[in-house]
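Hello,

Here is the structure I promised to pass on to you. Please have a look at it first, and then read on for what I found.

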Amino acid sequence: MATAPTPGQDGSQQAPSRIQDTSLGAEKLSADVLSSSPAAGPAVKGPPPEKPSNVRRRSLVILSFWAIVLCLGLPIWWLTTTIYRAPLPLDTMLRWADGKACRPVFPLHISVEASSLQEQEAQNLLRLTQHALDDLNDVASHHLRLQLAPRDNAPTAPDGDADPDDKSPVVLTVRLTPGQSTQASLHPHSPILDITYPPTAIPSPTSSSSSLASYIANELLSTYAEERTIISYLLSKFPAASEPRPNGLSAEAAESLSKRTTRSLRYSPTYHLTFSLFTSGAVPNTWDIERAIQDYMQPLLDVLGPVHNFTMDTQIQLYATPGAQSDVLSKDDLASFINAAEWPLSPSIGGAPTINFLLFIGNQTVGLDSASVPDTTSEAAHSWLIPKWGTVYLQPLSPSASHVTSSDLKQPMLTFAGHLLSLLGTPETGSLPLRLSTLGRIRSADLLLRASSTLGSLARLSRALPSISIPRSVADGVAKTIHHLELACTHLGDLEGLVHARIAEAEAERAFFEKSMVGQLYFPDEHKVAVYLPLLGPIGVPLVMGLINEIKAWRKRRRERAAAAEKKDL
Amino acid sequence: MRHLLAFICLLPLVSWVTAADYYEQLNLRPLPLSALLASFNFRSNTSFYDFESHNFRYFPRSLGQILQHAGTRELHLRFSLGRWDAESWGTRPWEGQREGGTGVELWAWLESESDEEADEKWLILTNALSGLFCASLNFVDGTRTTRPVMSFQPEGDHPTSSIPNLRLLHGVLPKEVVCTENLTPFLKLLPCKGKVGVSTLLDGHKLFDSAYQSMAIDVKPICPEDGDCVLEIEQTIDMVLDIERSQRPQEIPRPPPSRDLKCDTSKPYHAPNTCFPLGYNASQEWSLSQVFGHPMKGTCPLTDPEIPPVCIQVPHSRSVYTSAGVHQMKNADGRSRCFTFDSEGDFDIILPAPDADDTGEIIANTTTTMTTTDDELIKSPTPLIYAERSLMGHGQERGGVQTILTNPSQDTEVEFIYMESLPWFMRVYLHTLNARLEGSRGKAQPAMIEDIYYRPAVDRARGTQLELRMRIPPASTVFLTYDFEKTILRYTEYPPDANRGFDVAAAVITTVRPRVQSVRTTTLLLNLPVPDFSMPYNVIIFTSTAIALAFGGMYNILVRRLVAADEAPSRLARAKLGKLIEKFRSRKSTRK
C-alpha cells in the first residue's frame with residue numbers, strides 16, 4: 001500500500017509527456033513528405049490548411065469519445081459504485097416517532113352491576129357517574145367508560161357514551177348492593193369493586209348531581225390512579241405533541257416513576273429465572289428449592305402466565321466470596337457485593353432475559369439509613385433489588401447446617417416473588433388481578449412508544465448518514481413495524497394490542513440493528529483518490545485537453561467565418 | 001468386535017465411578033529427565049432427574065444449560081499445549097484418552113434427526129462454549145468440522161433407543177494458544193472452585209510453564225448396573241513439569257556460578273574451566289509447594305473421605321516426607337503410595353533426592369552410573385505405537401506429508417486407526433498415498449492398510465477427512481506418505497501474519513488392538529504461497545497504466561494532425577509569433 005502513490009504519480013506525469021513525444025515524432029516523420037506547403041511563409045512555415053472533412057472527422061471522433069464516456073462510462077460507474085438504499089417511508093416513521101401517527105387511547109370498559117336498582121334508576125346513576133368521571137379525569141388518553149351489565153332476564157343496551165360495536169372486554173365490574181352506608185372494597189382475587197350504598201342515596205331521575213355518583217367516580221379514579229400516572233408519565237417522555245402535560249404529575253412522582261421504570265426489565269414474552277444458593281464455605285450444599293418454588297413461587301408464576309412465560313434453573317455455588325466483606329453492608333457495598341469476576345452468574349443462553357435470585361448464606365445485614373429507603377422493614381434489612389438484574393437475599397444460618405429446608409426458604413421466596421413483580425414493572429397498588437391487567441396495558445404502551453422511537457432513530461440515522469447502505473430487509477422490517485403499530489394502536493388496552501406491539505417492537509429493533517448496516521466499512525476519500533487517479537489522470541487529461549482544443553478551434557473557425565462574411569459584405 | 005473391545009477397555013474407567021457425587025485426586029509420577037507428571041482428576045455427578053429439571057448442584061449450571069440447549073449427549077473438550085515426549089516418558093496418562101492435539105479440540109455426540117439439525121446444534125454448542133471458555137471455538141466452522149467414522153466411540157452409556165440419532169462432530173483449532181483465560185473458567189466449573197483441595201495447586205503461572213499440559217472436560221452419561229443413570233462431568237489436567245525449571249527463583253535468571261555447575265567429571269576434557277553438564281536424570285529433591293508455587297490448602301469436604309486426594313508413584317524404597325496433618329498409606333503394589341489429609345491447613349509433600357536417603361547403596365549407584373532410575377522411578381510402560389509426522393515437498397506448490405509409525409513391541413501386532421482432518425487448502429492427492437513397511441527383520445512386506453475412509457475437501461466449505469485402518473507387525477516401522485498441492489488463497493482469506501504459516505491439526509491415532517490407546521502427533525506448520533499484500537493497489541495501477549497507454553495511443557492517432565517538422569508551430573516559433581503579434585498590436589494602437 002505504501003508503494004501505491006508513487007506509480008500513480010508516475011502515471012499521471014507520464015501521460016502528457018508521451019503525447020508531446022508522439023507529436024514530435026510525427027513532425028519528424030512527415031517533414032520530408034509535406035515539405036512544400038503553399039501557406040508556409042519564408043520565416044515561419046505554418047501547417048497547410050486542413051480539409052474540412054478532416055476537421056469534421058476530428059470533431060466527430062472527440063464527440064464520440066465524450067459520448068461514450070458520458071453515456072456509457074458514467075452510468076456504469078454510477079451503477080457499480082452506488083450504495084443500495086431501500087426506500088424508507090421516512091415521513092411516516094418520523095410521524096410515529098413524534099407521536100402524531102397514533103394517539104394512544106386506553107378505553108377501559110367498566111361494567112356496573114346494579115341488580116337491585118330499577119332499569120331507569122340505574123341508567124340515570126350511570127349517566128351521572130360518567131359525567132362525574134369525565135369532569136374529574138385529567139388524562140385524556142385514559143378513558144373510563146361505564147356500561148350497565150346485562151341483566152339476567154333482559155339484554156340491556158349499553159349507555160350512550162360507549163361505541164355500540166366496541167367489543168373490548170370489561171376490565172372491572174362494579175357491584176352495587178344496598179347497604180347501611182356508602183362503602184367500597186376491592187375484591188382481592190377478581191376484578192370486582194364492591195360498593196354498598198344506603199337506599200336513600202339513589203338519585204332521582206331529574207337531579208343533575210348525586211353524591212353516590214361522584215363517590216363511585218372517585219373510587220374508580222383512585223383505583224386507576226397509579227395506572228393513569230404511569231401511562232401519562234410514559235407518554236410525557238416522548239414528544240407527543242397531542243398529549244397535554246398532566247398537571248397532576250409532580251416532579252417527585254415523576255422521579256419515583258422513572259426509578260421504577262429503570263428498575264424494570266425490558267419486556268420479553270419469556271423470562272428465565274435463576275435461583276442460586278451462594279455460600280462462603282462448603283455448607284450448606286443442599287437445599288429444598290424445588291419444593292420451595294412449588295409452594296411459594298409457582299402460584300404467582302401461574303397468575304402471570306397470560307403475560308409472561310417463565311423458565312427456571314437453580315444452582316448451588318460453594319466457596320463464593322462476596323465482593324464486599326463487611327458485616328453490615330453500606331449502600332456502596334451493595335453495588336459491589338456481587339463478585340462478578342468469580343461467581344458463575346452468566347445469563348442463560350437462548351433469547352430469554354435472565355432474572356437472578358440469589359440467596360447468600362451469611363450473617364451480613366444491610367445497614368441503610370432509613371431516610372433513603374422509605375419502606376424499610378425487617379425484611380428489607382436482608383435483601384435488596386438490583387435494577388434489571390435481580391435480587392440478593394442474605395440468609396443467616398447456623399454454620400453447621402448443611403441443608404436449607406423449605407421453611408427456611410419461605411421468606412426469601414416471598415421476597416423474590418415481590419421483587420419479581422416490581423422487576424416486571426407491575427404497579428404497586430390495587431388487587432393482584434387489577435395490577436396484572438394494568439401491567440399488560442403499561443407494557444403495550446411502553447412497547448408502542450419504544451418501537452415508535454426506534455423507527456424515528458432509524459429515520460434520523462438514514463438521513464444523517466447518506467453513505468450508509470439500507471438493505472431491503474430493513475425496508476421490510478419498517479413496513480412490518482408500521483403495520484403492527486397501526487394494529488396495536490387500534491387495539492390498545494387489550495391483549496391483542498400487546499401482541500402487536502410486541503411484534504412491532506421486535507421488528508423495529510431487528511431493522512435498526514441490521515448487521516450490514518452496523519458494520520459499515522470505513523473507506524476514506526483519500527483511498528478513492530488513490531484508486532481513481534491512476535486511471536482518470538492519464539485518460540482524463542488527453543480527453544479534456546482534446547475537448548478544449550476542439551472548442552477553441554471551433555470558436556476560431558467561427559470567428560474567421562464571421563470575419564470572412566464581414567469582408568464579403570464590405 | 002471393535003465395540004466390544006472398546007467396551008472392555010473402558011470397563012476399568014467405568015468401574016472407577018464412586019458413589020459420592022464428587023471426586024478429586026492428584027496423581028504424581030516422577031518421570032525421567034527430572035520431569036514430573038501431575039494428573040489432576042475431578043469428577044462430579046448429577047442425576048438425570050436433577051439435570052432435566054434444571055437443578056444443578058455439583059454439575060456446573062453454565063455448562064449444563066449449554067448441553068441442554070444444544071442437545072449434547074456426550075461432550076469432550078481439550079485444551080493442550082506442548083508435546084508429550086513418548087520416547088522418554090512412555091505411555092500417555094489415561095492411555096491417551098484425555099489428551100488432545102495442540103490447541104483446542106472438541107468432539108461431541110449431538111442428538112438430532114438430521115445432519116442439518118446437527119450442524120445447527122453444533123453451531124450453538126461451539127458458540128456457547130467459546131463464550132464460556134474464552135476460546136475461539138466459534139471459529140470451528142464447516143471447514144474445520146469433520147464427522148469421524150472409525151476413530152471415536154462414545155464413552156458413555158447411551159440408551160439404545162437414542163443411539164441411531166446420535167451424531168458425532170469433531171472440530172479442531174490447532175492455532176489456538178491455551179492460556180490462563182482458559183484455566184479460570186475451567187476452575188470455576190469445580191464445586192470447590194480452586195479454593196480448597198487439590199485444585200488449589202492449579203496456578204496458571206505453573207501450568208502454562210510446563211513442558212506439556214492438557215486440560216480435558218468430558219461429559220457423559222453413566223448407568224451403573226445397580227442404580228439410576230447419572231450424568232458425569234470429568235475434568236482432567238495433565239501437566240509435565242520440569243522440576244528444575246519450576247524451582248527457579250522468581251527473578252531474572254542468571255547463569256549459576258561455576259562452582260554450582262554439575263559437571264560430568266568422567267569426560268576427558270573436564271577441567272576447572274571446561275564443563276560438560278551432567279544429565280538431568282540426576283534426581284533432585286522437590287516438594288509440592290516448590291513445584292506448584294504454594295502448598296495445598298485443605299481438602300474439599302464434598303469428596304468421599306475414604307478416597308485419598310493425593311497419590312504419588314515412587315518405589316516404596318524411597319522415602320517421602322510430609323508436613324503435619326498428612327497421613328501416608330503405602331499401596332500393596334509396591335509402586336505407589338497415597339496421602340490423606342486433615343480437613344484444614346496447608347499441606348506439603350517432600351520427595352528427597354535418592355542420594356539423601358539412608359541407604360548407602362543408592363548413593364553409590366547415583367554417583368557412579370546413571371542406570372539406577374529403576375530404583376528411583378517407576379518405569380512407564382512403553383506405548384503401543386510411536387508416531388511422528390513431518391512435512392516434505394519442495395517449492396511453493398508441491399507438498400508432502402510423511403508419518404512414521406513405529407511398533408516398538410517385539411511380539412504384538414498393532415491395529416489402529418489413523419485419522420487426519422486437513423484444511424481445504426491442502427489439496428491431497430490420494431493416489432500418492434503410500435505405506436512402506438520397514439521391519440527390523442530386514443524383509444520388506446507391504447504394509448497393511450485395511451480400510452480407507454476418505455472424504456475429499458470442498459474449496460472453502462469443508463476440509464479433507466482421511467481415516468485409515470492399518471496394522472503394523474511387531475518391531476517394524478511404517479512410513480505413510482502422501483503428496484498435496486498448496487492452494488493460493490484469496491486476498492482476504494489470509495490471516496494476519498500469513499507468513500508464519502498455517503497450522504494443520506494433529507493426526508489422531510487410535511489403537512484398536514491389543515487395547516485402546518490414543519496418540520496424537522504434533523501439529524504441522526504449513527507454509528502457503530503468500531502474495532504481496534499491496535497487490536490490489538499494484539493491480540489498479542498496472543491496469544490503469546495499460547489502459548491509459550492503449551487509450552492515449554489510439555486517441556492521439558485519431559485526433560492529432562500530422563504535419564511536417566518545419567510546419568509545426570515549435571515553441572520557438574510560437575514565442576516569435578507572440579512577439580510579432582505584440583508588435584503588430586502596439587503598432588496598431590500607435591497608429592490609432
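This is a predicted model: local features need pLDDT of at least 70, side-chain atom pairs count only at pLDDT 80 or more; totals for chains, interfaces and linings use all residues.

In the model, residues 60-79 of chain A are 100% helix and 0% strand, and their end C-alpha atoms are 27 Å apart. For residues 529-549 of chain A, the figures are 100% helix, 0% strand and 27 Å between the end C-alpha atoms.

Next, have a look at the open sheet in chain A whose five strands come in the order 2-1-3-5-4, with mixed pairing. Strand 2 (142-148) and strand 4 (183-186) of chain A each have a single partner strand, so they form the edges and one side of each has no neighbour in the sheet. On average, neighbouring strands of this sheet are turned by 25 degrees against each other, ignoring direction.

Within the sheet, strand 3 (residues 170-178) and strand 5 (residues 192-197) of chain A are parallel and joined by six bridges. If you want a place to start in that pair, Thr173(A) has Ile192(A) of strand 5 as its bridge partner. Helix 5 of chain A packs on this sheet and touches strand 1 (106-113), strand 2, strand 3, strand 4 and strand 5 of chain A. The direction of helix 5 makes about 155 degrees with that of strand 5 of chain A.

Helix 5 (residues 211-223) of chain A also packs with helix 4 (residues 119-136) of chain A, at an angle of about 50 degrees and with the axes 8 Å apart. That angle makes helix 4 of chain A oblique to helix 5 of chain A. The crossing of helix 4 of chain A past helix 5 of chain A is right-handed. On the helix 4 side, the contact is made by Leu125(A), Leu128(A), Thr129(A), Ala132(A), Leu133(A) and Leu136(A). Helix 5 of chain A contributes residues including Leu212(A), Ile216(A), Leu220(A) and Leu221(A).

**Another helix pair in chain A**

Helix 3 (residues 90-97) and helix 11 (residues 432-464) of chain A pack with their axes 7 Å apart, at an angle of about 135 degrees. This makes helix 3 of chain A oblique to helix 11 of chain A. Here the crossing is left-handed. Leu90(A), Met93(A), Leu94(A), Trp96(A) and Ala97(A) of helix 3 meet residues of helix 11 of chain A, among them Leu455(A), Gly456(A), Leu458(A) and Ala459(A).

**Strand 13 of chain A**

How many of the six residues of strand 13 of chain A are buried? Five are, so strand 13 (residues 390-395) of chain A is largely enclosed by the rest of the structure.

Strand 13 of chain A pairs with strand 10 (residues 354-361) of chain A, in parallel and through six bridges. In that pairing, Asn356(A) has Gly390(A) as its bridge partner. Strand 12 (residues 383-386) of chain A pairs with strand 13 of chain A as well, in the antiparallel sense over four bridges, and Trp384(A) stands opposite Val392(A) there. Strand 12 and strand 13 of chain A form a hairpin with three residues between them. In the turn, Lys388(A) has a positive phi of about 60 degrees.

**Chain B and one of its tyrosines**

Chain B has 13 helices and 28 strands. Of its 592 residues, 39% are buried. Among contacts in chain B between residues at least 6 apart in sequence, 73% join residues at least 24 apart.

Tyr482(B), in strand 24 (residues 476-486) of chain B, is a residue I would like you to see. Is Tyr482(B) buried or exposed? Tyr482(B) has 22 other C-beta atoms within 10 Å, and 20 or more count as buried, so Tyr482(B) is buried. Leaving aside neighbours within four places in sequence, Tyr482(B) is in contact with Gly400(B), Val401(B), Val428(B), Tyr429(B), Leu430(B), Thr432(B) and Leu433(B). Tyr482(B) and Met392(B) are 90 residues apart in sequence, with 9.3 Å between their C-alpha atoms.

Best wishes

Key:
Residues are numbered from 1 along each chain as its sequence is written. Chains are lettered from A and ligands numbered from 1 in the order in which they are written. A residue is buried if 20 or more other C-beta atoms lie within 10 Å of its own, exposed if 12 or fewer, and partly exposed in between; C-beta atoms are placed from the backbone. Helices (H or I, at least four residues) and strands (E, at least two) are DSSP runs, numbered from the N terminus. Two strands pair if DSSP finds at least two bridges between them. Axes are lines fitted to C-alpha atoms, for helices over the stretch in contact, and angles run from 0 to 180 degrees between N-to-C directions. Angles under 35 degrees count as roughly parallel, over 145 as roughly antiparallel, 65 to 115 as roughly perpendicular and the rest as oblique. A crossing is left-handed if the near helix is turned anticlockwise from the far one by less than a right angle, and right-handed if clockwise. Two residues are in contact if their C-beta atoms, placed from the backbone, lie within 7 Å.
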